[in-house]
Amino acid sequence: MALLHGAQDTPSREPEPPPDFEHLYEQFRLPVYRVVRGIVLDATLAERLTQETFERAYGLRRRRTQESRQVWIYRIAVEVAVRHLHGHWWNRLRLGRLGSSGGRTPGPPGRSAAEDVLFSLSPRLRALVVLAFYARLSNGEIAGTLQLPESVVSVQLEFATEVMRAALTATDQRGGRERL
């Protein structure tokens, strides 16, 4: 088969990202990484899932509604991170409780007390806490991100705070309970 003059024999590539998407990436790359890192509690995994978040966002960019860019990109990040942990969390928790005395899941060496406390939460509650305390989203923004009623966000945030207080008490971290 003869090639037409000027035709390329290489497969077509995805077009370059539009400038507004590049701006979104530059604006939210680090905040999304930090949110994902707070949910998955693993730096290397958070890097990979942050990349997956932006790949997914690029594919969905034309379907974005009028919600804020921040809520939209955080929603995708939380979905990617929680979906990754789904199933893994229950297995780690169950195996950790079987192997430890007192029913507490011990953290791996080198994990901070804050990570131990976050690990005591389900991935979904962990996302809620990270969005509230790290990303400093309002309850309304968290409700939009997690697609929950704002009243549910308030109740779940209060519950998560109590779980974290109990975890700090169990780990004997002086002063940590009072800071929450």
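Guide: Start at a loop. Leu 41 sits in the loop between helix 1 and helix 2. Keep in mind that this is a predicted model.

Visitor: What is the phi of Leu 41?

Guide: Positive, at about 60 degrees, although Leu 41 is not a glycine.

Visitor: Is Leu 41 buried or exposed?

Guide: Compare its relative accessibility with the cut-off: buried means under 20%. Leu 41 has 13%, so it counts as buried.

Visitor: Which other non-glycine residue has a positive phi, of about 55 degrees?

Guide: Arg 136. Its place is the loop between helix 6 (123-134) and helix 7 (139-146).

Visitor: Let's step back to the whole chain. How many helices and strands does it have?

Guide: Nine helices and zero strands. Along the sequence the pattern reads α-α-α-α-α-α-α-α-α.

Visitor: What share of the chain is buried?

Guide: Of the 180 residues, 37% are buried. The accessible surface comes to about 11,300 Å², and carbon and sulfur atoms account for 53% of that surface.

Visitor: What share of the contacts joins residues at least 24 apart?

Guide: Count the contacts between residues at least 6 apart in sequence; 62% of these join residues at least 24 apart.

Visitor: Now for a single residue. Where is Val 36 found?

Guide: In helix 1, which covers residues 19-40. Val 36 counts as buried because its relative accessibility is 0%.

Visitor: How do I read a pair of packed helices?

Guide: Two packed helices are described by the angle between their axes and the distance between the axes. Take helix 2 (residues 43-60) and helix 3 (residues 69-85): their axes come within 9 Å and cross at roughly 130 degrees. That makes helix 2 oblique to helix 3. The crossing is right-handed.

Visitor: Which residues of helix 2 and helix 3 meet?

Guide: From helix 2, the list includes Leu 45, Leu 49, Thr 53, Phe 54 and Leu 60. From helix 3, it includes Trp 72, Ile 73, Ile 76, Ala 77 and Ala 81. The residues of this contact of helix 2 with helix 3 divide into eleven nonpolar, two polar and five charged.

Visitor: At what angle do helix 6 and helix 7 pack?

Guide: About 140 degrees, with the axes 10 Å apart. Helix 6 and helix 7 are therefore oblique to each other. Their crossing is right-handed.

Visitor: Which residues of helix 6 and helix 7 meet?

Guide: Arg 124, Leu 128, Leu 131 and Ala 132 in helix 6 face Ile 142, Thr 145 and Leu 146 in helix 7 by contact. The residues of this contact of helix 6 with helix 7 divide into five nonpolar, one polar and one charged.

How values were computed:
Residues are numbered from 1 along each chain as its sequence is written. This is a predicted model: local features need pLDDT of at least 70, side-chain atom pairs count only at pLDDT 80 or more; totals for chains, interfaces and linings use all residues. Side-chain values use heavy atoms; hydrogens and water are left out. Helices (H or I, at least four residues) and strands (E, at least two) are DSSP runs, numbered from the N terminus. Buried means under 20% relative accessible area, exposed over 50%, partly exposed in between (1.4 Å probe, protein chains only). Contact means heavy atoms within 4.5 Å. Accessible areas come from the Shrake-Rupley method with a 1.4 Å probe; for residues, only the protein chains shown count as cover. Axes are lines fitted to C-alpha atoms, for helices over the stretch in contact, and angles run from 0 to 180 degrees between N-to-C directions. Angles under 35 degrees count as roughly parallel, over 145 as roughly antiparallel, 65 to 115 as roughly perpendicular and the rest as oblique. A crossing is left-handed if the near helix is turned anticlockwise from the far one by less than a right angle, and right-handed if clockwise. Ala, Val, Leu, Ile, Met, Phe, Trp, Tyr, Cys and Pro count as nonpolar, Asp, Glu, Lys and Arg as charged, and the others, Gly among them, as polar.
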